[in-house]
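This briefing covers charged pairs, strand pairing and model confidence. Please look over the sequence and the structure before reading on.

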Amino acid sequence: MFNCYHTEPYSKTESWKEGIGCCSWDGVSCDNVTGHVIALDLSCSLLFGTFPSNSTLFLLKNLQSLNLSFNDFRFTKIPLEISQFTKLKHLDMSYSQFSGQVPAEIAHLPKLVSLNLSNYPYSDSPKLILETTTLRNLVQNLSEVIELVLSGVNMTSVNPRFFMNLSSFLTTLDLRGWESGLRGNFPDRIFCFPNLKIFYLGGEGNLTIDLPSSNWSSPFQELGINAMDCGRRLPEFIVDLKSLQYLGLGCNLEGSIPTSLAKLTQLRSLELSNNHFFGPIPASIGNLSQLTSLGLEFNTLSGQIPSSLANLT
């Protein structure tokens, strides 16, 4: 399936003709000095079929960026030969129908700074599976990773505490999805990562995390926690996250919706569905001039809908 979010899919490889230098092919980028292929962007390219381990792709020893997202590799496994890309910095294999265990070899890419293995959240389709050993090696060996996106990946055997060994340079950690299988308590030290801007966490009811009552030191821009217990009350200190553009919390929170949320002036999306909030909707939410999406369903709210919400675009 080719559900590209921002572009119409088309076959980039149709421009790959003999007699034309590969550096001019669609999706191919070369080093200006050496002429080596250093980046390959085949996202949304209508690629279909299995991913052979003997692909000539693995001859590109100088590759620094590989994007295979939004294709259909028919639930094939990620080839072990991926470890041959020793210079790779960016790897995106998201939404391309890979399945099976994430190979341990992926932890042997010493220069990797960005890894995206996101999967479609369909319960009846095969999933990528991340084992504890692979994750442990990944966080130990890849000391420069700043973006780790594992949305929809099965991590049933993973202990959440291993994520605390990720680099302090981490800016993005995406672990959303019912099918993650994560269990136990996710350490709230994640909120102290000094450079973390995007954090998503999702799972079944046996995964919990405590929202800290103070010391929100991370410069969050997007924060989403769903389908689990994250404490009883929405901490007042959350309004200290002045750069927050997305806030999504659906984790059995109780009490009234704080009027102080109006201080989050950069919010574009506020999703507080699937909680136990009661009482009226604060009229102050209508003062969030950047807000384009508001979700409050599946609570026990009462009273009139504030007329100030009509100010929202």
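Arg232 and Glu254 form a salt bridge, with their closest N and O atoms 3.5 Å apart; a salt bridge here is a side-chain nitrogen of Lys or Arg within 4 Å of a carboxyl oxygen of Asp or Glu. Arg232 sits in the loop between β14 (222-226) and β15 (246-250) and Glu254 in strand β16 (residues 254-255), so the pair ties together parts that are 22 residues apart in sequence. This is a predicted model, in which local features need pLDDT of at least 70 and side-chain atom pairs count only at pLDDT 80 or more, while totals for chains, interfaces and linings use all residues. Residues are numbered from 1 along each chain as its sequence is written, and side-chain values use heavy atoms, with hydrogens and water left out.

**Salt bridges**

- The structure holds 4 salt bridges, and the one between Arg232 and Glu254 is among them.
- Arg232 is partly exposed at 49% relative accessibility, and Glu254 is partly exposed at 30%; buried means under 20% relative accessible area, exposed over 50%, and partly exposed in between (1.4 Å probe, protein chains only).
- Lys12 forms a salt bridge with Asp41, the closest N and O atoms being 3.5 Å apart.
- Lys12 lies in the segment before β1 (28-30) and Asp41 in strand β2 (residues 37-41), so this pair links parts that are 29 residues apart in sequence.
- Lys12 is buried at 8% relative accessibility, whereas Asp41 is partly exposed at 31%.
- Arg176 and Asp174 also meet through their side chains in a salt bridge, at 2.8 Å from N to O.
- Asp174 is buried at 7% relative accessibility, and Arg176 is partly exposed at 36%.
- Side chains of opposite charge can pair when their charged atoms come close.

**Strands around β15**

- Strands (E, at least two residues) and helices (H or I, at least four) are DSSP runs, numbered from the N terminus.
- In β15, 4 of the 5 residues are buried.
- β14 and β15 run parallel and are joined by 5 bridges; two strands pair if DSSP finds at least two bridges between them.
- Leu247 in β15 is the bridge partner of Leu223.
- β15 also runs parallel to strand β17 (residues 269-271), with 3 bridges joining the two.
- Leu247 stands opposite Leu270 in β17.

**Confidence**

- The protein chain has a mean pLDDT of 91, and 96% of its residues reach 70 or more; pLDDT is the predictor's confidence in each residue, from 0 to 100.
- Confidence in the protein chain is lowest in strand β13 (residues 207-209), at a mean of 89, and highest in strand β5 (residues 90-92), at 98.
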